[in-house]
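Here are some exercises to work through with the model open beside you. Try each task yourself before you read its solution.

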Amino acid sequence: LLNKTSEADTIRNELRQFKKPGEVNSRMLLQKFLNKQNANRDIFHDLMPYKVKEILLVSTLYDAFSIEKEGRFSEHILGEYHQLNLTSMPRVTGVSNYDEAMEQLSSHHFDLVILMIGNDKVTPMIIASTVKNEYPYIPIYVLLNNDREVSSFKETNPSLSNIDKLFVWNGDSSVFFAMVKHLEDRVNVGNDTQIGMVKVILLVEDSEIYYSRYLPLLYNIVMEQTKRIIDDVSTDELFKVLRLRARPKILLASNYEEALEVVGRQMDNLLCLISDVKFMKDGQVDENAGFTLVKHVKEMVNGLPTVIQSSDVTNSRRAFELKSTFINKNSETLLQDIRSFISHHLGFGNFVYKDASGKKIAEAKSLKEFEQHIETIPVESLVYHGKRNHFSLWLMARGELKIAKMIHPVKVTDFKTPLEFRKYLKHVIKKYRNESNTGKIINFEESALLDETNIVSLGAGPLGGKGRGCAFINTLIYNLNFPEIIPELNIRAPRTCIVGTDEFDIFMERNSLQGIIHEEISYDELRQRFCDADISYHLEKKLRALLKHVNRPLAIRSSSLLEDSTMQPFSGIFDTYLVPNTDPSFNVRFRQLEQCVKLVYASIYSPHSRSYFEAINFKIEEEKMGVVIQEVVGTVHGDYFYPHISGTAQSHNYYPVAHMEPEDGYALAALGLGHYVVNGERSYRFSPVYPALEVNSPQKLYQDSQVNFFALDMQSTEVDFVEEGSEANLLKLPISQAEKDGVMKHLASVYDPENDRIEPGITVAGPRILNFANILKYDYIPLAKTIQLILDVGKEALGSPVEIEYAVDLDKAANGKPSFHLLQIKPMLGTGTGFNIDLEKIDRDRMLIFAEQSMGNGELTDISDIVYVKQEAFDKIKTRDISAELEVLNKKLVQEHRKYILIGPGRWGTADPYIGIPVKWSQISGAGIIIETSMEDFPLDASLGSHFFHNVTSMNVGYFSIQYDSPTSFIKWEMLQEQETIGETSYLRHVRFDKELCVLMDGKKRVSAVMFEKCKPD
């Protein structure tokens, strides 16, 4: 015992390794997850901290109206924001005179004042002077109506010291957007270049007419290109909006000195220089200032793309000599010319790989293609692009800040050989891709189907409970460092796709199915009607693409809104179908997949489901169904497909034995597909904390050992799921078949009846016992430790006890390790501890029933009915008949709104009729307390881990376990037999007490009692 405790403590200590010093119950999972998930996103949050939120527009009504003839001035100003899906639209406040302007300024904060100049060109400048004197920190921009007004305005107002910038309207509403963005860029450029390596486009232009034309063009092109690139990337909409913040900043300089100052400050971040030819230099107009500037800047920033723009086409020759692009200011294709330059020179287009001579050798349209080409392009191409900083430039343009920041400071010359540089690039991109994409739900694209680390969305809408759980599993597995703690195993999740509930709504609406769910038709007919209906074209297209890339069996699982929720888990209520996916005909395989999706939709309206909805008083019309499509975990063994091990585990053990504590949890393991375990059939139970501890005798282990297992039939490829149901292609095979398949080596032991002992392994003849000894006792793989770790992490992550489903593939993967697959995680309910029973104050003579192994918490009243299986009539061969009789009695009591206590031998809800009574929830939905008992010739192994058990506990139905030979727990059978008989069948008796019974359940002590009298207040 001391050794076992020490072993458990060792495991616990290992699990605490990634707890911070001083922390007992937290690994800061949320913070670590957010830090990892948002590392790139947080950079974007820190960009563009300054936003123009409030604009004061000073204009006469007539002037404002003349700009927008329909009078929708604010809409016109903000139109660009709407087109680009930007969320931070400024608010425009309009005033018409000096007094109104000063009143607004004194009562509100404004980020920008825009003065529109109409016929009166004097009053606005008086306002500008006053505003500058009283509010010098507020920028003032003047807006003129057209180009012709520029010279006359300057003549009237020779000193423009009170205004910050002069713009010209000319009927283009995008100038307002450019004015706002120009101000934001000017203020934010220092922050954004420092934090996010944001690039800078420098425009050198002194003409108000031309920069009023150029700035809107540049902003339009840059925003469009950035948005187009971002739309190509699979991410959420909020992140797309955030990534627009990483677009290049556009700065405007009006003379040579101002331009050089910007270049000096932004030398490392300069993306390109666009310069006029003629502007002020050294205090006077210089006819060649642009050429001088370009030449000087190219010497400062090697390889910088530059543009000479001029209305004099003869300047094109000198631009060519300077290796600069020339653009004609008056060209009719000005917009296209600038767009072409930005696409080809600034990283906004596809990445074109070139050789040392500049000849194209490959092209990448996406980051994935970019990564693929990095591995294959010649060394000289790596050097060519690396020296010119093309890699980080292209990544920056796409908003891939984190990876760009890792590449940017690195030079090819920092490495001994170009091959080391290639290795570094591959490492950085892989690290970035793993951090940014791993464990996320991404929108459908065919290439994403091949990556098991992501969940692919096949349809919009909520994921449903099971889908949400699968997504959470991926988050846990691929964002926490499990390999560092358990290096011996691959901890994985099956490749998963999810169809959101919007497709269910579309399916129901387009096929007019809402009406038939209330019609008096059989469930078989309803299922057929669903199968005859059509799924949407988009879903069909995606399912076909899925089948082209996946050649393994598929599990089609329900994922309703309520399924696996924290309130009502609906475990096992809806159907799951296994598609072999082996038929040589693609159309046959698609038809099976499509049919199963439709049947999962129909399972909402099964009698089993409807009774559950009634029991929890929930309207079935409000439920919606998503669908989870997963690869089935397992290996092909001849004609069969199954995993070596499957099972469930819970972090809370309702029925601990020996020195175990409830918090130690427990696990079930079985050979073959998981249907065997969750349906409540025989499986091996162990504690993850004490995996080697046996609490049963060898003989009992042999009696209770698994003798059959489920496998998928891979021979029968033509399966009719409508006719044959959800288990159409499942086979129940003897474990001898698994031994023939060679999978029992590490799972089984041999029972020696003569000496009543168990011999690990199967090297000797004798009856086989599936006790997983080589794994749990001799650590062939650290299964118990893995389960304990995941339960521990899951419990913290969900904030409640959890249950998991898992499967193990002992065949070694490409990295030489076996694989543990986490299939499902969900919260456990029914572990309440708020009700206390003081046994010393309760007279046992007043008890009808007492259980020292029980679940449930609280006080239950209004029960006077008990239905029990007559011990003298019980026949373990007739348990299905007992279920049928019970269904009739249950229906009658439900109609009368009478809760009852149900008592019977063996496991309730098991799929194996020889170890209990195989009822479904719908057959006992009126039970308030369920009691399972043993008989002398019919042992009891308590129901744990099955879907039936999970639903019962979640609904706070009391669940008691009473052994016939227990010295303390009991049922006073003679008292039951003395009560009034309300109804009797071949196997059941229904009695009613003349007074209400009192049920007391202590969730903490796990003891419960049924009293003869009505509950009294304390």
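**Exercise 1. A strand and its surroundings**

How many of the six residues of strand E24 (residues 645–650) are buried?

*Solution.* Keep in mind that this is a predicted model.

Step 1. A residue counts as buried when its relative accessible area is under 20%. Six of the six residues of E24 are buried, so the strand is largely enclosed by the rest of the structure.

Step 2. Now look at the directions of the residues. In a regular strand, side chains alternate between the two faces of the sheet. In E24, Ile645, Gly647 and Ala649 point one way, while Ser646, Thr648 and Gln650 point the other way.

Step 3. Next, find the partner strands. E24 pairs with strand E32 (residues 802–809) in the antiparallel sense, over six bridges. With strand E25 (residues 666–670), E24 makes five bridges, again in the antiparallel sense.

Step 4. Finish with Ala649. Its bridge partner in E32 is Ile804, and its bridge partner in E25 is Ala667.

Step 5. The C-alpha atoms of Gly647 and Val678 are 7.8 Å apart, although 31 residues separate the two along the chain. Val678 belongs to helix H28 (residues 675–678) and, at 11% relative accessibility, counts as buried.

**Exercise 2. Reading a sheet**

In what order do the five strands of the open sheet with parallel pairing stand?

*Solution.* 

Step 1. Going across the sheet, the order is E7-E6-E8-E11-E12, and the pairing is parallel.

Step 2. Look at the two edges. Strand E7 (249–253) and strand E12 (325–328) each have a single partner strand, so one side of each is left without a neighbour in the sheet. From one strand to the next, the twist averages 20°.

Step 3. Zoom in on one pair. Strand E6 (residues 200–204) and E7 run parallel and are joined by five bridges. Within this pair, Ile201 stands opposite Ile250 in E7.

Step 4. Helix H9 (residues 174–196) lies across E6 and E7, and it runs at about 115° to E7.

**Exercise 3. Comparing helix pairs**

Sort three helix pairs by their angles: are the helices roughly parallel or oblique to each other?

*Solution.* 

Step 1. Start with helix H12 (residues 256–265) and helix H13 (residues 289–300). Their axes come within 11 Å and cross at roughly 15°. Angles under 35 degrees count as roughly parallel, and H12 and H13 are therefore roughly parallel to each other. H12 passes H13 in a right-handed crossing. On the H12 side, the contact is made by Tyr256, Ala259, Leu260 and Val263; on the H13 side, the residues include Ala289, Leu293 and Met300. Sorted by class, this contact has eight nonpolar, two polar and no charged residues.

Step 2. Move on to helix H6 (residues 98–107) and helix H7 (residues 123–134). These pack at an angle of about 20°, with their axes 11 Å apart. H6 and H7 are therefore roughly parallel to each other, and their crossing is right-handed. Tyr98, Ala101, Met102 and Leu105 in H6 meet Ile127, Thr130, Val131 and Glu134 in H7. The classes here are six nonpolar, one polar and one charged.

Step 3. The last pair is helix H24 (residues 523–532) with helix H26 (residues 586–602). The packing angle is about 135° and the axes are 9 Å apart. H24 and H26 are therefore oblique to each other. H24 passes H26 in a right-handed crossing. Among the contact residues are Tyr523, Arg527 and Phe530 of H24, together with Lys598 and Leu599 of H26. This contact divides into seven nonpolar, one polar and two charged residues.

**Exercise 4. Two backbone angles**

What is the phi of Asp756, and what is the phi of Phe772?

*Solution.* 

Step 1. Recall the background: most residues other than glycine have a negative phi.

Step 2. Asp756 has a phi near 50°, a positive value. Asp756 sits in the loop between strand E29 (748–752) and strand E30 (757–760). With a relative accessible area of 34%, Asp756 is partly exposed.

Step 3. The phi of Phe772 is near 55° and also positive. Phe772 is found in the loop between strand E31 (768–770) and helix H32 (773–776). Phe772 is buried, with a relative accessible area of 1%.

Notes:
Residues are numbered from 1 along each chain as its sequence is written. This is a predicted model: local features need pLDDT of at least 70, side-chain atom pairs count only at pLDDT 80 or more; totals for chains, interfaces and linings use all residues. Side-chain values use heavy atoms; hydrogens and water are left out. Two strands pair if DSSP finds at least two bridges between them. Helices (H or I, at least four residues) and strands (E, at least two) are DSSP runs, numbered from the N terminus. Axes are lines fitted to C-alpha atoms, for helices over the stretch in contact, and angles run from 0 to 180 degrees between N-to-C directions. Contact means heavy atoms within 4.5 Å. Buried means under 20% relative accessible area, exposed over 50%, partly exposed in between (1.4 Å probe, protein chains only). Angles under 35 degrees count as roughly parallel, over 145 as roughly antiparallel, 65 to 115 as roughly perpendicular and the rest as oblique. A crossing is left-handed if the near helix is turned anticlockwise from the far one by less than a right angle, and right-handed if clockwise. Ala, Val, Leu, Ile, Met, Phe, Trp, Tyr, Cys and Pro count as nonpolar, Asp, Glu, Lys and Arg as charged, and the others, Gly among them, as polar.
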